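Here is my note on the model below.

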Amino acid sequence: MKKMLITFVLSLVFITSFQSTADTSSEPTQDSEELRLHDMLMLMLTPHIEKDLRSYYNPKIFKDVSPFVTPWKIDLIETKRKNGFRGFIIQITFEIEPTDGGQYISLGKDRMTYEISSAPEVKLINHTHLKTYKYPP
């Protein structure tokens, strides 16, 4: 499992190393290797993201609704190596729109940076709450 996570993250970094920001202006219309790697990373990190969002949103923003993360509402913003070429400490920044989990109504928008290392360890480095959306009663 550890080797698989490391291989996956390194593959994603290699593929996305040619771009510094995600192109959110157009949605993909067909499957690709890059899209599959992106989706695999989102699936693997979703439990960590959800846990961190819940600790922020409840009870600060919403008392009755817990944030739920859907992988298609996570945009990859930037990836970088923290410790130089071929270093195995990688920082990944996302913009996320958590939903209510039932009707998939967006609750807000957040930017989160995680550090992933070969342990494998996933650690939240920075969380910026960008927006709170009005939730219908």
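Which residue in E3 stands opposite Ile89? Ser117 does.

The model is predicted; local features need pLDDT of at least 70, side-chain atom pairs count only at pLDDT 80 or more, and totals for chains, interfaces and linings use all residues. Residues are numbered from 1 along each chain as its sequence is written, and side-chain values use heavy atoms, with hydrogens and water left out.

1. **The sheet.** 4 strands make an open, antiparallel sheet, ordered E1-E2-E3-E4. Strands are DSSP runs of E, at least two residues, and helices are runs of H or I, at least four residues, both numbered from the N terminus. Two strands pair if DSSP finds at least two bridges between them. E1 (74-81) and E4 (121-132) stand at the edges with a single partner strand each, so one side of each has no neighbour in the sheet. The twist averages 15 degrees from one strand to the next.

2. **E2 and E3.** Strand E2 (residues 89-96) runs antiparallel to strand E3 (residues 108-117). The two are joined by 8 bridges.

3. **Helix over sheet.** H2 lies across E1, E2, E3 and E4. Its angle to E3 is about 115 degrees. Axes are lines fitted to C-alpha atoms, for helices over the stretch in contact (heavy atoms within 4.5 Å). Angles run from 0 to 180 degrees between N-to-C directions.

4. **Asp52.** This residue is found in helix H2 (residues 33-57). Asp52 is buried at 14% relative accessible area. Buried means under 20%, exposed over 50%, partly exposed in between (1.4 Å probe, protein chains only). Beyond neighbours within four places in sequence, Asp52 touches Met112, Tyr114 and Leu124. Its side chain makes a polar contact of 2.6 Å with that of Tyr114. Such a contact is a pair of N or O atoms within 3.5 Å, within protein one able to donate a hydrogen and the other to accept it; residues adjacent in sequence count only if both atoms are side-chain atoms.

5. **Salt bridges.** The count is 8, taking a side-chain nitrogen of Lys or Arg within 4 Å of a carboxyl oxygen of Asp or Glu. Asp52 pairs with Lys51 at 3.8 Å; Lys51 is exposed at 56%. Glu50 and Arg54 also meet at 3.8 Å. They are 4 residues apart in helix H2, about one helical turn. Glu50 is buried at 13%, while Arg54 is partly exposed at 35%.

6. **A longer link.** Lys82 and Glu115 form a salt bridge at 3.2 Å. Lys82 lies in the loop between E1 and E2 and Glu115 in strand E3, so the pair ties together parts 33 residues apart in sequence.
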